[in-house]
Amino acid sequence: MTSPTKPRAYLCRRFTDSVEAAMRTRYALHVNEQDSILSPQEIVHTAQGAQVLFASATEQINKEVLRRLSPTLRYVATLSVGYDHIDLAEAQALGIGVLHTPDVLSDACAEIAMMLMLNACRRGYEADRLVRSGDWTGWSPTQLLGTGLKGKRAVIFGMGRIGREIATRAQAFGMEIHYHNRRPLPPAQAANAIYHANLDDALRLADVLVIAVPGSPQLKGVINAERIALMPPQAVLVNISRGELVDDEALIGALSAGRLFAAGLDVFANEPHVDPRYRKLDNVFLSPHIGSATKETRDAMGWLLINGLDALFQGGTPNNLLHPPHPAHTRETAQ
Ligand code: DGY
């Protein structure tokens, strides 16, 4: 039974139990029980009347969604650090506040970057398959020779919070860290990583390229055939950002031809539809967009949204608000 005093909220995907329980104490919560990926049309239909829309990177919160929900919608809270799936300009124009989940997932995402890097370099997919298949005939001096990390150059494209956590871990493996950002980091944050103002210059050094830059339409296809050709022969590519940043045709070509040694991919263009050619390549380690998928992290992400909304409903401005909401939108209170 819903309480009229609680703001109405719609939850597009199932969050962790403890987070959902906390949401129910604050909101009249309507839930997509099937946990299916809703189309924009379905969101418009099912979230009608909501003041808060809890979403994730699987939902396209486009102009149409925002406009159709705007008579009541005050906040979109996305369980993701990325917000390329939300039309921020439209949200701003409509006075709808958008919250996301930075910081709390940086360690988890960096761990997955290292998982991909290690599995790509040390042939994790082939190794696992060999043991499971029962075809392993025993240790051999030349079996499944990979490429080591120590002494290699890691180029981190996007040295934000996640990128810096990856750098720390890669340094612990003995790698030399280079990075490309729009601007260099202050020395304390750069921690001896070498800055390159030009992406192409950085790529020329990339024994391992880690793509950790926030996804955006402007970066679609930024890692294309020309840029892959700049990387040293037998380099490794790791992507934990968004699949759209990489030109699949170019990457698959380079992996098939042996121009690149391997790739580790956690993200794909057009998820969950993965280019079928990746499945056939032995030198690709694949994971299904699990960068932030630990229990602790998903709880922390959920709580960041809940606490941020609590602050907003009490007239505050949380750090995870992407732009200030319209003043009229702060008048109601939630606990
Ligand atoms: C993020 O937080 O942006 C992750 O990619 C999950 O969507």
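**Close-up views of a predicted model**

View 1. A search of the whole structure turns up 0 disulfides, a disulfide being a pair of cysteine sulfur atoms within 2.5 Å. Cys-121 is in no disulfide, and the nearest cysteine sulfur, that of Cys-109, is 19 Å away. With a relative accessible area of 1%, Cys-121 is buried (buried means under 20% relative accessible area, exposed over 50%, partly exposed in between, with a 1.4 Å probe and protein chains only).

This is a predicted model, where local features need pLDDT of at least 70, side-chain atom pairs count only at pLDDT 80 or more, and totals for chains, interfaces and linings use all residues. Residues are numbered from 1 along each chain as its sequence is written, and side-chain values use heavy atoms, leaving out hydrogens and water.

**View 2. Rings around Tyr-27.** The structure holds 6 aromatic pairs (rings of Phe, Tyr and Trp, the last by its six-membered ring, with centres within 6.5 Å; planes under 30 degrees apart are stacked, over 60 edge-to-face, the rest tilted). Tyr-27 and Phe-54 make an edge-to-face pair, 5.8 Å centre to centre with 70° between the planes. Both Tyr-27 and Phe-54 are buried. Tyr-27 also forms a tilted pair with Phe-313, at 6.1 Å centre to centre and 55° between the planes.

**View 3. The ring cluster.** Which residues do ring pairs link into a cluster? They are Phe-15, Tyr-27, Phe-54, Tyr-75 and Phe-313.
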